[in-house]
Amino acid sequence: MIRIRRIESRPLDLRLHEPFGISGGAQDAVRNVLVRVELASGAVGWGEAAPLPAYNGETQEAALAVLRRNEASLVGPSFAGWRAAADRLRAQGGSGCGSAQCGFEMALLDALTREQGGSLTSFFGGAETRLETDMTITTGSVDDARRGVAKIHELGIRVIKVKVGGKSGVALDRARLGAIHAAAPTAPLILDGNAGLSRADAAALAAGLKADGIAPALLEQWLAKDDLVGLREQRETTGWAVAADESVVYPVDALRVAHAQAADFVNIKLMKAGVAAALDVVRVARETGLGLMIGGNVESILAMTFSACFAAGLGGFKYADLDTPLFLAENPFEGGYVRTGGMLDVSDITAGHGVVPF
C-alpha cells in the first residue's frame, strides 16, 4: 500500500540560450512545474511537468491548477499501488493536462524507488543503461541551421533532428536542410514537422529532398494527427520511415496507427499523458510491431533523466530525443544522466532518477 503525506507544486522557470521553435510556434523560456511528493515513510521524490503551448496548448498555469486542486484527494488515503494513485488524479482532471499527470507520476515513482533503494532504470526492467540521443535544430534561418550543426559537431553528437513546417515554408525548409546536409553529410536526419505540414507541402518537401539527394532516417509526424491515411501514403510514396508523435497519446491511438499502417515508429513522450499511459502505449507498440522512440517537450535534466531511465530500463528504443537540457541557460539540479557525445548513461544512478534540486 502507498500513502502520500504531502504534495507540493511550484513554478519551474528557466532561461533558454535562445527560443526553441517548432512548427506551432516558439518558446522563449521554460515555464514548467516542479512537483515534490513525500510518502508516509518520509521518502521524497521529485517530478517535472513540462507543458508546451506550441505542441498541445498546455500551460504552466493549467498544470499548476490541476495539481493544486487535487492535492487534498491524493494526500492521506492508502492506494494499492502507484497506478491506483495515478488513476485517482486522472479521474479528477489529470487527463485534461497530461504534463500535470506526468509530473505527479514522476515524483511518486521517484519517491517509491528511493524508498525501496533502487533506481528507476531497474524498476522499469533494467534492460539497458545507455541511449544515444539526437540534438535538435529548431526552426529558423539557414544561418541558424548552420550554427546548429556547428554546435552539434562541437558536442560530439551524431544524430541530428530538424524542426520543419509551420510558417517557414517549403523553400526555406529545403534550403535549411540542404545546408545541414552539406555540413554533416553522413549524419542521420530526423525531420520533425509536429503535425504542421499540409499534404501538398509535405509532398513538395519530400520531392525537393529527393532531388537534392537527401534521404532522412525518419520523418516524424509531418501531417495532422488525425490524417492516418496521409501518413500511410507518405510512407509508401517516399519509402522513408515515419514516426507518429501527436497521433499517439493513449494505447488506443497506437492501435489505430498500427492498423492503418500509418507509421513505423511511435514517439513515446511521458508528458503526453503520464508514465502509466506511456507504459501501455509501449506494450501496444510491441504487440503490433511499431518501433519505439523516446522524446519529450522542453524539459530540464530531471524529466529528461526520468525518460532516459524509462527507455533504457524497458530497452529496445531505436531513437532517443532527450537533448533539451542542452538548450537551457541554467540548471538548478544536481545529478542525472551522464552525457558523453550523444551517449546518455544512467548506470551510476542508484536511487530513483538521481536528480534533486540544489
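**A helix pair up close**

Modeller: Happy to! Helix α3 crosses helix α4 in a right-handed way (the near helix is turned clockwise from the far one by less than a right angle; helices are DSSP runs of H or I, at least four residues, numbered from the N terminus). This is a predicted model, where local features need pLDDT of at least 70 and side-chain atom pairs pLDDT 80 or more, while totals for chains, interfaces and linings use all residues. Numbering starts from 1 along each chain as its sequence is written, and side-chain values use heavy atoms, without hydrogens or water.

α3 covers residues 82–91 and α4 residues 98–116. Their axes, lines fitted to C-alpha atoms over the stretch in contact, lie 10 Å apart at an angle of about 160°, so the two helices are roughly antiparallel (over 145 degrees, on a 0 to 180 scale between N-to-C directions).

Which residues of α3 and α4 make the contact? From α3 come W82, A85, A86, L89 and R90, and they meet A100, Q101, F104, E105, L108, L109 and L112 of α4, with contact meaning heavy atoms within 4.5 Å. By class, nine of these residues are nonpolar, one is polar and two are charged (Ala, Val, Leu, Ile, Met, Phe, Trp, Tyr, Cys and Pro are nonpolar; Asp, Glu, Lys and Arg charged; the others, Gly among them, polar).

The spacing has a simple background: an α-helix has 3.6 residues a turn, so residues three or four places apart point the same way.

For another pair, look at α8 (residues 199–211) and α9 (residues 228–238), whose axes come within 12 Å and cross at roughly 15°. That makes α8 roughly parallel to α9 (under 35 degrees), and their crossing is right-handed.

Definitions and conventions:
Angles under 35 degrees count as roughly parallel, over 145 as roughly antiparallel, 65 to 115 as roughly perpendicular and the rest as oblique.
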